[in-house]
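Take a walk through this structure, one region at a time. Keep the 3D view open as you read.

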Amino acid sequence: MGNFQVKVQPKKYDAVIVGSGAGGGMAAYVLANAGLKVCLIEAGPNFNPAIDSKQLQNPWESPRRGASTKYRPFGDFDGCYWGWEIDGEPYTNDKDSNWEWWRARMVGGRTNHWGRISLRFGPKDFKRKSIDGLGDDWPIGYEDVKPYYDKIDKLLGVFGTNEGLVDDPDGIFLPPPKPRLHELMIQRSATKIGIPVIPSRLSILTKKINDTRGQCFYCAQCGRSCKIFADFSSSSALVLPAIATGNVDLVVNAMAREVLTNKDGLAIGVSYVNKEDMQEYQVMGRTVILGASACESARLLLNSKSPRHPNGLANSSDVVGKYLHDSTGADMGGIIPELFDRKRYNEDGVGGMHVYTPWWLDNKKLDFPRGYHIEYGGGFGMPLYGFQWGIENLNGTYKVKGKQKEAGGYGASLKEDYRYFFGSHVGMAGRGEAVARRDNYCEIDPAMVDVYGIPVLRFHTKYSEYEIKQAKHMKETFSEILHSMGAVITWGGDDGPENNYGLHAPGNIIHEAGTVRMGNDPKQSPLNKWAQAHDCKNLFNVDGGQFVSQGDKNITWTILALSMRTSEYIVDQLKKNNI
Amino acid sequence: MDRRKSLKVMVLGTVSSGLMLEACKTEDKKAILKKAPKVTAEKHPGLMKEEVKHLEEVNAYTYFTPEEMKTITILCDIIIPKDEVSGSASDAKVPEFIEFIVKDQPDNKVPMRGGLRWLDMQCLNRYQKSFAECNPKQQMEMVDEIAWPKKAKPEMKPGVKFFSLMRNLTATGFYTSEIGVKDVGYVGNTPNQWNGVPDGVLKQYGLAYTPKELKECISF
């Protein structure tokens, strides 16, 4: 350890931001454009979609034909580095807990590959306790966030339609793409049984919005990240423009270890380990902004103990790490015999569904308290690893060109079967709201550190009857839709009470939130309504950590809106010398 | 960027995607890209260094013996032979894909090696030869014992399981090759303008876009 020393970067910044995803990227963008000096720390390597994306590669250009690896759990072409496990960076679960933690390590974070589903929270989503008595209300309401939703709709671009739905508010939308064939079939059948199907709301540019970003050319590959920046990724739409101001120093491969504080308990900077040279560094700033992801930000706070903050930074409430929750999820799929032997044409469309179902029922009349929306998939996807895997379960069950065949087989007849069934699949996924609870939490594992010597997280999460009953309802709905459209269920149809109706493990839907929640009472919440720490006024959180609850909406658009709101507040407070 | 011009180029599909993307760049974007960070692994743009290392490790050795590869190739071409539409599995280099994927997903190693040996032992008992050494008639007799899961004899179960794995790996390798993508008729993965389901197809299924959709959705 003779050489062991900490290198302190001489430059003092207005803000040190940890994490370059939706929250951190937006903070860097707002602060840099306000003329403030920013140091943006990212735990992974650089990623510029224009250079690094695998968009438009053919399946045979991947030696594994797009199959997943631990480096890319969503497949070889996917635009996200790492996922469910990272070499050298473990985490643990308490017994009976099964949290699944997705971690991106790259500039732009997981926004490089996300589904671009960009849903505003509605007025009720901020006030759930007032409605059903569960969880807590936010200290802010829709009216506080609406101006920021409006601004990011314009700044980043989102398509959709104004439907006048109370809890799925209208926005400033680009035109959506027309539904695909299976989507029209879903629409026709679901509408008949009282389930609405409306144009989806995705942050993909069906029209050009500025000169730095292109217009969608319909390759369906947003998950790979877009080389012409026609979809929203923090890397392309926020971090690169922020760097272009000249006000941002981006430090990559920098794993934050601790938020540094002074004797008054104020944040003075961040210490990090450089993953390349394994040296220890410190970078100093007037404010520290955490956008490392809900769980990583909680971990960082809990690991930042000092005499003034003995329970971890911003944790006098003992609430940091608590109220951890994810979207619920359950899925089902099948085949549509009507679509066998389809005429071929390019139906790639945008990267994701063109229609979806917002929550349409009243929970007061149901046996579970919170709603869900439905996402749809199907059609002619690019053949990738796993293409029509298990044909032996299909080709003996349905007549092929009028002929009953024996299951399995080989040869020219088998080749005919693959052609016959291609494009007839349909799938649907429910994404719902779980009730945020104090006893679902992460904490520091007292006995384990990662390869950098940083104590790791241990999770304690479990679903309640609320979420299980919601999953049961999802499955009943999917089955009803599939039957009404003449589809045959081929997967997800056998789930029951023995496996919580196929309810995915918490964390699996990758909408982690709630660990550093905001609230007016410093005893009940680490942050105030500006996402500013009650215990440390120059410390902020801009990721999913600040969420009190997350509605049945994917959280990214709200992370962006809240990060912009908090960042404008920081600019104002710094100018007034209040922090 | 002259959007209309570049789209015409896209639709004709005569230029590489790289050129098309070049055409979409504006001066402002060029300026941003110039400031863009350096790519991590120059030899493999977009790959993490951990991925490059893994790829090198997988490619550094051969898993299947020449005899095993011979059997795999015969089985691949029985499953996907050349027909009037397209070539065979070996034309599409499916055996090479199987060699790679078994190393990349090592859980397949034992089922594949064990399945191949099981097959050879069956043939040895029946014909006193390994599968690859059997004549085509004998090979097909053997394959027919394991290719039909619902009517196979119970004692053939390990073979059925192995053949199903072979069928799935072969099909996945074939239909993700250039030959196979063309065969199955996937015509996407190219810049275009999505203007909805073609009229004839809408009619075929008794569907139509609503006036609301036609008004609100993007049209080209």
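Begin with two strands of chain A. Strand S10 (residues 355-357) of chain A is joined to strand S11 by two bridges, and the two run antiparallel. Within this pairing, Thr357(A) stands opposite Ile374(A) of S11(A). The model shown here is predicted.

S11(A) has another partner. Seven bridges link S11(A) to strand S12 (residues 425-432) of chain A, again with an antiparallel run. How many of the seven residues of S11(A) are buried? Six are, so strand S11 (residues 372-378) is largely enclosed by the rest of the structure. In a regular strand, side chains alternate between the two faces of the sheet.

Now move to another sheet of chain A. This one is open, and its three strands come in the order S3-S14-S13. Its pairing is mixed. Which strands stand at the edges? They are S3 (92-93) and S13 (441-449) of chain A. Each has a single partner strand, so one side of each is left without a neighbour in the sheet. S3(A) runs parallel to strand S14 (residues 455-460) of chain A, and two bridges join them. Asn93(A) stands opposite Phe459(A) in S14(A). A helix also meets this sheet. Helix H7 (residues 294-302) of chain A lies across S13 and S14 of chain A. Its direction is at about 60° to S13(A).

Helix H1 (residues 22-33) and helix H10 (residues 556-575), both of chain A, have axes that come within 8 Å. They cross at roughly 35°, and the crossing is right-handed. H1(A) brings Ala22(A), Gly23(A), Met26(A), Ala27(A), Val30(A) and Leu31(A) to the contact. From H10(A), the residues include Ile559(A), Leu560(A), Ser563(A), Met564(A) and Ser567(A). By class, the contact has 10 nonpolar, four polar and one charged residues. An α-helix has 3.6 residues a turn, so residues three or four places apart point the same way.

Take Ile17(A) as one example. Leaving out residues up to four places away in sequence, Ile17(A) touches Gly24(A), Ala27(A), Ala28(A), Val38(A), Leu40(A), Ile41(A), Ile289(A) and Gly291(A). In soluble globular proteins, nonpolar side chains tend to be buried together.

Chain B has 12 helices and zero strands. Of its 220 residues, 33% count as buried. Count the contacts in chain B with a separation of 6 or more. Residues 24 or more positions apart account for 51% of them. Glu178(B) sits in helix H10 of chain B. Is Glu178(B) buried or partly exposed? Glu178(B) is partly exposed, with 13 other C-beta atoms within 10 Å. Glu178(B) and Ala92(B) are 86 residues apart in sequence, but 7.5 Å apart in space, C-alpha to C-alpha.

Finally, see how the chains meet. The contact takes 76 residues from chain A and 71 residues from chain B. On the side of chain A, helix H2 (49-52), helix H5 (181-192), helix H6 (234-244) and H8 each give two or more residues. H8(A) gives the most, with six residues. The residues on this side of chain A divide into 40 nonpolar, 18 polar and 18 charged.

Helix H8 (residues 411-421) of chain A has as its buried residues Leu414(A), Lys415(A), Asp417(A), Tyr418(A), Arg419(A) and Phe421(A). What covers them? The cover includes helix H5 (66-79), helix H9 (157-175) and helix H10 (178-184) of chain B. Just after H8(A), Gly423(A) takes a positive phi of about 85°.

Methods:
Residues numbered from 1 in each chain as written. Chains lettered and ligands numbered in written order. Predicted model: local features only at pLDDT ≥ 70, side-chain atom pairs only at ≥ 80, totals over all residues. Pairing = 2+ DSSP bridges. Helix = DSSP H or I, 4+ residues; strand = E, 2+ residues; numbered from the N terminus. Contact = placed C-beta atoms within 7 Å. Axes fitted to C-alpha atoms, helices over the stretch in contact; angles between N-to-C directions. Left-handed = near helix turned anticlockwise from the far one by under 90°. Nonpolar A, V, L, I, M, F, W, Y, C, P; charged D, E, K, R; others polar. Buried ≥ 20, exposed ≤ 12 C-beta atoms within 10 Å, placed from the backbone.
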